[in-house]
Amino acid sequence: MARNAEKAMTALARFRQAQLEEGKVKERRPFLASECNELPKAEKWRRQIIGEISKKVAQIQNAGLGEFRIRDLNDEINKLLREKGHWEVRIRELGGPDYARIGPKMLDHEGKEVPGNRGYKYFGAAKDLPGVRELFEKEPLPPPRKTRAELMKSIDAEYYGYRDEDDGILEPLEQEHEKKVIAEAVEKWKMEREARLARGDEEEEEEENIYAVNEDESDEEGGKEKDGEEGQQKFIAHVPVPTQQEVRHQETELQT
């Protein structure tokens, strides 16, 4: 009986305390940080914002929330971060510490710095949303260009084809192809010769003598033609030949 009475009094006391607190107005965080003129309160509101950010960062780790809910949570976190920055500026104005300078960097659950673009950060599952991952994929670096000296290191006689025959493969192939081409050319010549004979040509035209020298040909360096005996072939001197008068004059100068 005494225990029941004690429990009733305890419940009544809690109910009475709740009624008393119900009449009190809970202090709300100012909308603008500049409205706060007390350093302890500014510190209090900053800590409150940090607590709200922590809760929302924990919620956004759940990828099953859906794309729209994740985007809303990420927007709310970024809004709170901006508000925290305003309070840090106000704390510095009131003579408090500079949290922007001494505060730790914002890291994700993997210990990496939170990625962002132009001040907007992405947390948790927001980093895997469509169109977001592509923002942070780094393009592969182009291969470094080789200098002229590096390119010249790999250039040798083989580069210019001077060692193509050293492998013992190319030369036999060239000889075989050469024999084939010569045989085809000889066969073609024989066929043309037989065709000319079949048309009634008694004698073939004499082959052109590439070593014959024309009588009208003159040497560019001023060489003179040297006439031989009748019926003999004429020769052309390709070096200047001195006359008898020049020889005698030279001999006279040597004697004197």
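How many helices and how many strands are there in the chain? There are eight helices and four strands, counted as DSSP runs (H or I of at least four residues for helices, E of at least two for strands) and numbered from the N terminus.

**View 1. The whole chain, a predicted model.** This is a predicted model, with local features needing pLDDT of at least 70 and side-chain atom pairs counting only at pLDDT 80 or more, while totals for chains, interfaces and linings use all residues. Residues are numbered from 1 along each chain as its sequence is written, and side-chain values use heavy atoms, with hydrogens and water left out. Going along the sequence, the pattern reads α-α-α-α-β-β-α-α-α-β-β-α. Of the 256 residues, 15% are buried (under 20% relative accessible area; exposed is over 50%, partly exposed in between, using a 1.4 Å probe and protein chains only). Take the contacts (heavy atoms within 4.5 Å) with a separation of 6 or more: 49% of them join residues 24 or more positions apart.

**View 2. Confidence, and a stretch to treat with care.** The chain has a mean pLDDT of 76, and 70% of its residues reach 70 or more (pLDDT is the predictor's confidence in each residue, from 0 to 100). Residues 220-229 have pLDDT below 50, and this stretch has seven contacts in the model beyond near neighbours in sequence. Where pLDDT is low, the predicted coordinates should not be read in detail.

View 3. Helix H2 covers residues 39-59, and its 21 residues should span 30 Å at 1.5 Å a residue (the expected span is 1.5 Å times one less than the number of residues). The end C-alpha atoms are 31 Å apart, which agrees. Buried here are Ala 42, Glu 43, Trp 45, Arg 46, Ile 49 and Ile 53. They cover an arc of only 160° around the axis, so they sit on the same side of H2 (the arc is that of the directions from the helix axis to the C-beta atoms). Their packing partners are helix H3 (67-93) and helix H4 (99-102). Turned away from that side are the exposed residues Pro 40, Arg 47, Lys 55 and Ala 58.

**View 4. Arg 46 and Tyr 99.** Arg 46 lies over the face of Tyr 99, at 3.7 Å from the ring centre (this takes NZ of Lys or CZ of Arg within 6 Å of the ring centre and within 35 degrees of the ring normal).

**View 5. Two residues of helix H3.** Glu 83 is in helix H3 and is buried, at 19% relative accessible area. Leaving out neighbours within four places in sequence, Glu 83 is in contact with Arg 29 and Ile 49. Asn 78 also lies in H3 and is buried, at 3%. Not counting residues up to four places away, Asn 78 touches Gly 119, Tyr 120, Lys 121 and Phe 123.

**View 6. The one aromatic pair.** A search of the whole structure turns up one aromatic pair (ring centres of Phe, Tyr or Trp, its six-membered ring, within 6.5 Å; planes under 30 degrees apart are stacked, over 60 edge-to-face, the rest tilted). Tyr 120 and Tyr 122 have ring centres 5.1 Å apart and planes at 70°, so the pair is edge-to-face. Tyr 120 is partly exposed, at 25%, whereas Tyr 122 is buried, at 15%.

**View 7. Gly 124 in its loop.** Gly 124 lies between strand E2 (120-121) and helix H5 (133-136) and is buried, at 13% relative accessibility. Not counting residues up to four places away in sequence, Gly 124 touches Ile 60 and Gln 61.
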